[in-house]
Amino acid sequence: MPELSDTTGIINQQKEVSPANPNYTLIENLLDPGSFSELDALAEHDCILFNADQKKIPGDGISTGYGFINGRPVVVYGHDNQFMGGSSSRIHAVKICKVIDLALRTGVPIIALNQSSGLRIHEGVDANSQFSYVFYKTVQASGVVPQISLILGDCIGGAAYTPALTDFIIMIDKQSTLFLTGPAVIKQATGENVSKEDIGGGLMHASQTGLAHFLVDSALEAISLTRHLLSYLPQNNTETPIVISDSTARQRETPRIEEIVPHDKSLPFDVKEVIAEIVDKETFLEIQQLYARNIITGLARLGGHVIGIVANQPNWLAGCLDIDASEKAARFVRLCDAFGIPLLTLVDVPGYLPGKQQEQGNIIGAGSKLMHAYCEASIPKVAVILRKAYGGAYPTLANRGATDFIYALPDAEISVMGPEGAVNIIFRKIVAAAQEPEKQRELLITEYRQAHASAAYSAKKTYIEGLIPASHLRNRLISSFKILRDKISGHPARRHSNIQL
C-alpha cells in the first residue's frame, strides 16, 4: 500500500509520553507534528464508591482533542488502558460526546484510538447511562463526517459497540480484539473453552465477520493507514475528496485488459489486475480484503478524482454473489453514497451462489439489501460488463433504472442465464432426440447467444450504452464520470426507505 509522502518521518519520531495517557504518543504520531490540542485534560471521574475515589488521574484515562492530518482538521480521542484497565467512565462519555459535537459543528472527521475493558463497573448505571449518549451521537454523525476506529488492544462489552457503529475499523493482528463477552463468561455460561483470538481477534473479524475493514501488523502501521485512508475521504458529506492531478491521472489506453480477461467465460482471472489497469497507478486501496473474497470493494483515483469500486472476483467462487458478498458490497455502496463518492461496478458474475445453505441463510434478503443500496444511491454510478452478467445478479449490480451508464466489453454476455444452461432447459428434448446431440447442443447454444445473450443485442435494444474496446476503457470511464460530476438527483419525500436489514 502506498503511503503518504510526509508520514514516514512522523511515524518514526519518538515523542515524550503524556503523564495523563501513554497513548498520547500515538495520537501525536497520527497528527501533524505539534498540532494536537488536548481538551478537558484535567477532567476527573466523580465516583466515590468501591474505593474509586482513591484512583484518580488528570484526564481520567482518556485523551480528547483536535489536530490536523496533512493540514486537514480532525477530532480525536484515545484510551489509556493502563489506568483502571482502560475502563470507560461517565466522564469518558462526557469527553467523547464533546468532541463528537465539535466534529459535527465544524464538519471534520472523527478518529478514535480504542482499547478499553468496557464500562467502569465501579460506576454501574452512571457510566452505562452516559454512554448511551456516545452511541446516539456516533449514529447521528454517521454519514455526516467520516469516522475511523483504530483498535489498539482489547475492546470489551460496551466498548466494542462504538467502533462497530463507525465507518471503518482497523485492527492489529494478534494484538487487538473486539468481543462482548470474554472467555471466562463464555466458559461459565456455555462450557466452551475459547481464547480472546477465537471470539474477537483481528484475523477472525477481518476474515469471518467482516467487522474489521483492515488488518495490520502494528499500531504504527494502523496510524499510517489511517492517514492514507483519510486522503480518499471528504471532510464531511457536503464536500468532495481532494483531487490529485499528477502524471498518473492522465488519459492513457489500456490494451492489457484484453490479455487479462479470458475469452472463455469459465476461466478464472484476477479482477484486481483489471482495476490496476483502469485506475491511476498504485491508488487502489482495497477494503475488507480478507472477507467475502468473491467481491472486491475499495477506493481509488481515476483521472485524479476519488471513486469507489465494486467488482466480482472470478478467482473466488467464480465471482458469484452470496450472502456475505451481498452484504459487504451493500455496506460499501451506502458508504460511497453517504460521502458523495462516485461508484464504478465491474461485473463478471454467473449469478447468485446456489445451495441449501445459502437459501436457508436468506440469500434473498441479502441480495435485496444490495439491490436496495444500489437503487437508493444517488451518486454517479457506472457499470462495465467485463465478460458475463447472468441471472438476478445482473439487475442487482447494473440496474438499468439506477445506473447512469452501463458499458460492456465487445465479447461480453448479458442474459437471464448462461447460454449453456438456457439450452439445457429450453431445448432439452430437441437435443435428446437429435442424431448428434452434442453437435445439436452447440448449434443451439450459438443460436441462443446470438439471439439474446450477446452484449451487442443489449446495446441494440438500448439496455446498455454501448460496447467499449478494452483499450479505450479507462478513457471512457474518465469522461463518463466527468459528465456525471454535477449530477442532479433527488428522491420522493419520505422519512427514509425500509432497507432489508
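Which residue just after α12 takes a positive phi? In this predicted model, in which residues are numbered from 1 along each chain as its sequence is written, the residue is Gly340, with a positive phi of about 65°. Local features need a pLDDT of at least 70 and side-chain atom pairs count only at pLDDT 80 or more, whereas totals for chains, interfaces and linings use all residues, and side-chain values use heavy atoms, with hydrogens and water left out.

The secondary structure of the chain comes to 20 helices and 16 strands, where helices (H or I, at least four residues) and strands (E, at least two) are DSSP runs numbered from the N terminus. Of the 501 residues of the chain, 54% count as buried; here buried means under 20% relative accessible area, exposed over 50% and partly exposed in between, with a 1.4 Å probe and protein chains only. Among the contacts with a separation of 6 or more, 72% are accounted for by residues 24 or more positions apart, a contact being defined by heavy atoms within 4.5 Å.

Helix α12, which covers residues 323-338 and has 16 residues, reaches 23 Å from its first C-alpha to its last, close to the 22 Å expected at 1.5 Å a residue; the expected span of a helix is 1.5 Å times one less than its number of residues. The buried residues of α12 include Ile323, Ala325, Ala329, Phe332, Val333 and Leu335, and Lys328 and Cys336 are likewise buried. The largest nonpolar core has 66 residues, and those with the most contacts inside it are Ile111, Ile148 and Ile385; such a core is a set of buried Ala, Val, Leu, Ile, Met, Phe, Trp, Tyr and Cys residues joined through side-chain atoms within 4.5 Å. The largest share of this core, seven residues, comes from α12. At least three residues of the core are drawn from each of domain 1 (18-232) and domain 2 (255-409 + 468-484), the bounds coming from an automatic or database domain assignment. Apart from this core lies another, of 29 residues, among them Ile275, Ile296, Leu386 and Leu409. In soluble globular proteins, nonpolar side chains tend to be buried together.

When residues up to four places away in sequence are not counted, Ile148 touches Ile110, Ile111, Ala112, Phe168, Ile170, Thr226, Leu229, Leu230 and Leu233. Helix α9 has twelve residues and reaches 17 Å from its first C-alpha to its last, close to the 16 Å expected at 1.5 Å a residue, and it is mostly covered, ten of its twelve residues being buried. A polar atom of the Ser231 side chain lies 2.5 Å from the backbone oxygen of His228.

The structure holds 17 salt bridges, each defined as a side-chain nitrogen of Lys or Arg within 4 Å of a carboxyl oxygen of Asp or Glu. One of them joins Lys369 to Glu327, with the closest N and O atoms 2.8 Å apart, and this pair links distant parts of the chain, since Lys369 lies in helix α14 (residues 363-376) and Glu327 in helix α12, 42 residues apart. Lys369 counts as buried at 17% relative accessibility, whereas Glu327 is partly exposed, with a relative accessible area of 31%.

In helix α18 (residues 437-453), Glu438 and Arg441 lie three residues apart, about one turn of the helix, and their side chains meet in a salt bridge (3.7 Å, N to O). An α-helix has 3.6 residues a turn, so residues three or four places apart point the same way. Arg441 also meets the side chain of Glu442 in a salt bridge (3.7 Å, N to O). Arg441 is buried, with a relative accessible area of 18%, while Glu438 counts as partly exposed at 48% and Glu442 is partly exposed at 39%. Elsewhere, Arg256, Glu273 and Glu277 are linked in a network of salt bridges.

Lys281 is placed in the loop between α11 (271-278) and β9 (285-287). The C-alpha atoms of Lys281 and Ser247, 34 residues apart along the chain, are separated by 9.4 Å, and Lys281 touches Thr248 and Arg252 when residues up to four places away in sequence are not counted.

Conventions
A polar contact is a pair of N or O atoms within 3.5 Å; within protein, one must be able to donate a hydrogen and the other to accept it, and residues adjacent in sequence count only if both atoms are side-chain atoms.
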